[in-house]
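Look at the structure below. This short report walks through its strands, then its helices, then the confidence of the model.

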Amino acid sequence: MDDQPVLDPLGTLRAAGDPATDVYLTGTVFLDVIFTGLDSAPVRGTESWARGMGSSPGGVANMATALARLGLHTTLAAAFGDDVYGDYCWESLSVGEGVDLGPSRRIPGWHSPVTVSMAYEGERTMVSHGHRAPPPEEAVPACPPPARAAVASLGQRERASDEEPAPEADREWIGRAAATGTKVFADVGWDDTGRWDPADLDGLHHCAAFLPNAEEAMRYTRTPTPAAAARKLAERVPLAVVTLGAEGAVAVDSGSGETAEVPALIVDALDPTGAGDVFVAGFVTGTLAGWPLTDRLAFGSLCAALSVQEFGGSLSAPGWPEVAAWWTRAKTAAGSPAEALRRYAFLDDLIPPAPRRWPLPRAVPTIGFRRA
């Protein structure tokens, strides 16, 4: 496909007999509708107009798209409605991004979940609606395919509606995947029950790394700072990475004893939707490629910073041409901080001298434009 990545970060590591899948994902695909340019939060009883709007696949599609754009062979198991929204999300992922949807299912009579995201004051507020895919059309295969890595969601994130969270059996694939040698990276979502029960994280004993944001990490560990939370979590998982939003990320490797902290890049953010997923995709890419911990944190932060300058979670994810363009500008721009240039010098060994450009699909205010 003409729009596939120009760089394979695992190219020198691939060998006969390797799994066909680099990263396996499962979860809920939403249609995201994003409003930006709001001066403040909507006020009850009034009408607010947004200066910008975009639509794109969301939910687990954020990470699937980000991984695929970074050159990883990505397989997604998800339920898709047989409505127009489902058609759009399926085509965007499969045709537009090259994501393998072999384990995914189209479900007759089931409508696609939808999220409306409103970005203002550097943050976003989301409202979602959906229903769990009806049995027996479960999206998750009993035996996940062989893969170098998988990204799993713990805690309450599996919830796809105002119904009960997914049963524990829905997450048994994590143990099966780890038992076959798949490196499992875990994240977690907001616990709107307010319990923040550490037992929600019991699946960490199957995982190689855990990547919550700062608020999630501190609430689950009952610690006062993100660094303290990372140290506490490293007692339960080999590698704990806590993302700090506009302040970067901190990590603790309990195996080697290494700690690392990288500040975020300062950019003009349009929409922060999906930035955490894009960070994870960048970090997973660097981990599978065998990069040092600090480089992995820096690359995840760079990918997230590039993504917040575009609409939406999935279609805002950068590819290698965007990474290359940023690095070229950073090296030639007057006043670029010397520390930042040193931090990202590892990119010189990755990016081709003249990376081929292609038009990445981006979020637009509607879906389903008719082809001319």
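## Strands β2 and β3

Strand β2 covers residues 29–36 and pairs with β3. The two run antiparallel, and eight bridges join them.

## The open sheet

β2 and β3 belong to an open sheet of four strands. The order is β3-β2-β7-β8, and the pairing is mixed. Strands of a sheet pair through backbone hydrogen bonds, either parallel or antiparallel.

Which strands stand at the edges? They are β3 (52–59) and β8 (123–129). Each has a single partner strand, so one side of each is left without a neighbour in the sheet. From one strand to the next, the twist averages 20 degrees.

## Helix α1 and Ala68

Helix α1 spans residues 60–69. The helix lies across β2 and β3. Its direction is at about 90 degrees to β3.

Ala68 lies in α1. Is Ala68 buried or exposed? Its relative accessible area is 5%. Buried means under 20%, so Ala68 is buried. Now find Asp22. Ala68 and Asp22 are 46 residues apart in sequence. In space, their C-alpha atoms are 9.7 Å apart.

## Strands β1 and β4

A parallel pair comes next. Strand β1 (residues 21–26) runs parallel to β4, and four bridges join the two. Val23 stands opposite Thr74 in β4.

β4 covers residues 74–77. Thr74 and Leu76 point one way from the strand. Thr75 and Ala77 point the other way. All of these residues are buried.

## Helix α7

Helix α7 runs over residues 293–307, which makes 15 residues. From first C-alpha to last, α7 reaches 21 Å. That is close to the 21 Å expected at 1.5 Å a residue.

How many residues of α7 are buried? The count is 14 of 15, and α7 is mostly covered. An α-helix has 3.6 residues a turn, so residues three or four places apart point the same way.

The protein chain averages a pLDDT of 86. A score of at least 70 is reached by 88% of the residues. Where pLDDT is low, the predicted coordinates should not be read in detail.

Notes: Residues numbered from 1 in each chain as written. Predicted model: local features only at pLDDT ≥ 70, side-chain atom pairs only at ≥ 80, totals over all residues. Heavy atoms only, no water. Buried < 20%, exposed > 50% of the residue type's maximum accessible area, 1.4 Å probe, protein only. Pairing = 2+ DSSP bridges. Expected span 1.5 Å × (residues − 1). pLDDT = per-residue confidence, 0-100. Axes fitted to C-alpha atoms, helices over the stretch in contact; angles between N-to-C directions. Contact = heavy atoms within 4.5 Å.
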